[in-house]
Amino acid sequence: MTDLSFDREAERLLLEATTSRSRRVKDRLASVWMVGSVVVAVVPLAIVVAYVVAKGASALSVDWFTKDLPAVTRKAGGGMGPAIVGTLLITAGAALMAIPLGVLGAVYLHEYGGRGRLAGLIRFMADVMTGVPSIVMGLFIYTVFTLRFGLMGFGGSLALACLMLPIIIRSTEEMLRLVPDELRQGSYALGNRQWRTVVTVVLPAAFGGIVSGVMLAIARAAGETAPLVFVIGAAARSLNTDLFSGNMTALSVQIFSNAQTPFAAAQTRAWGAALTLIAIVFLFTILARVVSARVARRHNA
Amino acid sequence: MASPPVDELTAPRVVPGGDGSALLGSGSSRRGDSLFRWVALLAGLVVLAVLALIAWSTTKEAWPVFREEGLSFVTSDTWIPAEGKYGALAFIYGTILSSLIALVLAVPVSLGIALYANEAAPRRLRKPVVYVMDLLAAIPSVVYGLWGVLVLAPAIQPVYRSISDAVGDVPVLGWLFNGTSGRSFMTAGIILAVMITPIITSLSREVIATVPPAQREAAYGMGATRWEMIRSAVLPWSRGGIVGAVMLGLGRAMGETIAVALVIGSQAQITAHLFEPGDSMAAVIVNQFGEAAGTHRAALIGLGVVLFVVTIVVNVSARSIVGRFDRRMRGA
């Protein structure tokens with residue numbers, strides 16, 4: 001074992017002996033900048049989370065999860081049940097569409113398309129699609145779906161699915177890339193066709209990584225507001241578990257509308273909804289971390 | 001490495017003493033193979049289809065306004081739905097100004113974090129730094145908006161007031177740092193900066209990670225300090241990729257809706273005074289859509305089209321730049 005503290009001391013002495021003062025000062029300043037940047041980024045995270053927890057906790061109760069939204073937003077009372085259910089259902093609907101499409105798309109890109117021109121185009125466009133503003137996705141679903149079929153939770157699912165799709169495609173492709181070719185060759189050697197190889201060998205091998213990418217996509221989608229505002233009928237106050245008919249509301253939309261009011265009760269409700277939403281989003285983010293950490297451990301072992 | 005050519009293994013061939021069909025699978029399995037390939041291809045094509053559909057359907061809905069207003073849709077700043085006047089220049093200006101403020105604030109911080117996490121941090125701190133940035137990125141934008149409108153805006157108003165008093169007589173500064181509104185271009189820029197920092201950081205980190213170790217060691221071998229190593233080895237190598245990362249951050253900032261809608265003040269005006277309220281394209285869409293009908297609604301969708309085109313242009317250029325680094329990293 002080397003004594004690290006000795007090494008550092010020696011390094012410092014060497015530096016002082018060989019480096020001019022102005023160069024050392026510049027180096028220190030750069031370090032201050034780098035550490036300072038981390039601090040500057042951590043501070044808002046800490047402040048925002050602290051506020052949400054402190055102000056949101058008082059809104060939580062049994063009623064919060066079970067009761068309908070109050071008819072009059074400026075008065076206290078009522079709950080957030082319909083919005084919690086709405087967020088979960090709309091996001092689940094989006095995931096059910098985006099996951100199979102995204103994984104299959106990634107299978108095409110990596111297992112079939114490879115370096116071909118079409119695969120290159122799809123890959124590039126998937127990257128570009130991640131940059132399409134979520135409000136534009138909302139307008140898109142409004143024009144192609146809501147104008148024809150009316151307001152419903154499913155419109156929100158479609159919009160969120162469009163946001164999740166490119167994320168899942170790209171993260172899944174990265175994971176397929178990590179599957180060693182020897183596994184594929186082994187499967188071919190056993191007489192498996194390519195599709196069986198993909199389904200029974202490649203996808204299971206990449207499963208952990210794919211799940212982790214999917215979780216992150218879900219976390220991102222669950223917090224989206226803009227694409228939902230005008231496609232789900234967000235003014236709904238009572239519980240609706242049918243994605244395909246009737247107005248539905250969601251946590252993010254409730255935060256948005258309650259934050260715009262000057263009433264204390266509504267603002268408390270917004271903080272409570274924010275706390276609930278952050279809890280859901282962090283849960284998925286941390287799950288993704290745990291899954292990917294476990295996968296990494298298995299790879300290293 | 002690409003997969004081996006499958007055809008060699010599966011193509012029909014004559015095997016002495018048999019037709020080899022047992023080895024090669026039944027005909028239905030072969031059909032399964034091409035079916036699976038097609039299904040996967042279709043899934044991939046959904047991306048192209050969705051992008052094309054976005055462009056087509058939104059443009060179609062907005063067409064009445066585009067036809068009526070022509071170029072003045074983007075060159076006029078008179079937006080009076082009641083009189084049928086739709087000029088979006090003030091919103092475009094607000095989108096650009098708030099995003100630029102966000103970049104000015106976020107780029108130095110993001111670069112600092114990326115360099116810290118990749119070059120300077122003690123090994124045991126590197127993962128936590130990345131982890132915190134992930135959490136920062138995970139917080140929904142509406143939550144930043146909520147915090148911005150209820151906490152930041154009222155708290156920062158006196159700060160704006162004293163800054164604007166202090167520099168009021170200085171030529172350029174007094175012009176920029178003017179106004180006393182808590183909900184303003186500046187507040188929107190600050191919130192946006194917090195939101196795009198994780199994106200710029202993580203992409204810059206990926207680019208910085210492609211710097212060959214030999215370059216670093218060469219710089220150190222010449223007696224460079226860490227900063228000199230960063231300036232002479234890391235930054236020149238990753239400059240292009242960092243520009244791409246910054247542009248992706250710009251694209252995200254321009255499209256961000258909810259947080260901006262809550263804190264920018266919703267007052268369309270073109271002014272250089274950063275502490276005064278303004279409005280942005282995305283914010284106007286979400287704020288006015290509910291009560292809009294007919295041409296007004298078409299005009300709001302038209303704003304969406306403009307936003308779509310601008311972000312596509314920014315993203316395509318950014319991705320082309322970052323893509324070059326991706327290829328270099330993979331050694332192709």
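Trainee: Across the interface of chain A and chain B, how many residue pairs are in polar contact?

Mentor: This is a predicted model, and pairs of side-chain atoms are counted only at pLDDT 80 or more. With both residues held to that limit, the number of residue pairs in polar contact across the interface of chain A and chain B is twelve.

Trainee: Which helix of chain A gives the most to the side that touches chain B?

Mentor: The contact between the chains involves 87 residues of chain A and 91 residues of chain B. On the side of chain A, the element that gives the most, with 20 residues, is helix α2 (residues 21-57).

Trainee: How much of the area that chain A and chain B bury between them is on carbon and sulfur atoms?

Mentor: The size of an interface is often given as the accessible area lost when the parts come together. For chain A and chain B that buried area is about 7900 Å², and the part of it on carbon and sulfur atoms is 76%.

Trainee: How far apart are the closest N and O atoms in the salt bridge of B:Glu228 with A:Arg23?

Mentor: Between chain A and chain B the count of salt bridges is three. The rule asks for a side-chain nitrogen of Lys or Arg within 4 Å of a carboxyl oxygen of Asp or Glu. B:Glu228 and A:Arg23 meet it, with their closest N and O atoms at a separation of 2.6 Å.

Trainee: Is B:Gly112 buried or exposed?

Mentor: B:Gly112 belongs to helix α5 of chain B, and, once neighbours within four places in sequence are left aside, its contacts are A:Trp33, A:Met34 and A:Ser37. Because its relative accessible area is 0% and the limit for the class is under 20%, B:Gly112 counts as buried.

Trainee: Which residues have the most contacts inside the largest nonpolar core?

Mentor: In soluble globular proteins, nonpolar side chains tend to be buried together. The largest nonpolar core here has 183 residues, and its largest share, 15 residues, is supplied by helix α5 (residues 89-120) of chain B. Chain A takes part as well, since at least three residues come from each of its domain 1 (2-58) and domain 2 (61-300). The residues with the most contacts inside this core are B:Trp79 and B:Leu303.

Trainee: With its neighbours within four places in sequence left aside, which residues is B:Trp79 in contact with?

Mentor: Among its contacts are B:Phe73, B:Phe91, B:Val284 and B:Leu300.

Trainee: Which side chain does the side chain of A:Arg184 make a polar contact with?

Mentor: A:Arg184 sits in helix α8 (residues 181-189) of chain A, and it is buried, with a relative accessible area of 1%. At 2.8 Å, the partner of its side chain in a polar contact is the side chain of A:Glu111.

Trainee: Which backbone oxygen does the side chain of B:Gln157 reach?

Mentor: B:Gln157 lies in helix α7 (residues 141-166) of chain B and is partly exposed, at 29% relative accessibility. Although 25 residues separate B:Gln157 from B:Gly182 in sequence, their C-alpha atoms are 4.5 Å apart in space. Its side chain reaches, at 3.0 Å, the backbone oxygen of B:Thr180.

Trainee: What is the phi of B:Ser266?

Mentor: Most residues other than glycine have a negative phi. B:Ser266 is in the loop between α12 (258-263) and α13 (281-288) of chain B, and at 38% relative accessibility it counts as partly exposed. Although B:Ser266 is not a glycine, its phi is positive, at about 45 degrees.

Notes. Residues are numbered from 1 along each chain as its sequence is written. Chains are lettered from A and ligands numbered from 1 in the order in which they are written. This is a predicted model: local features need pLDDT of at least 70, side-chain atom pairs count only at pLDDT 80 or more; totals for chains, interfaces and linings use all residues. Side-chain values use heavy atoms; hydrogens and water are left out. A nonpolar core is a set of buried Ala, Val, Leu, Ile, Met, Phe, Trp, Tyr and Cys residues joined through side-chain atoms within 4.5 Å. Buried means under 20% relative accessible area, exposed over 50%, partly exposed in between (1.4 Å probe, protein chains only). Helices (H or I, at least four residues) and strands (E, at least two) are DSSP runs, numbered from the N terminus. Domain bounds come from an automatic or database domain assignment. Contact means heavy atoms within 4.5 Å. Buried area is the accessible area (1.4 Å probe) that two parts lose on being put together, summed over both. A polar contact is a pair of N or O atoms within 3.5 Å; within protein, one must be able to donate a hydrogen and the other to accept it, and residues adjacent in sequence count only if both atoms are side-chain atoms.
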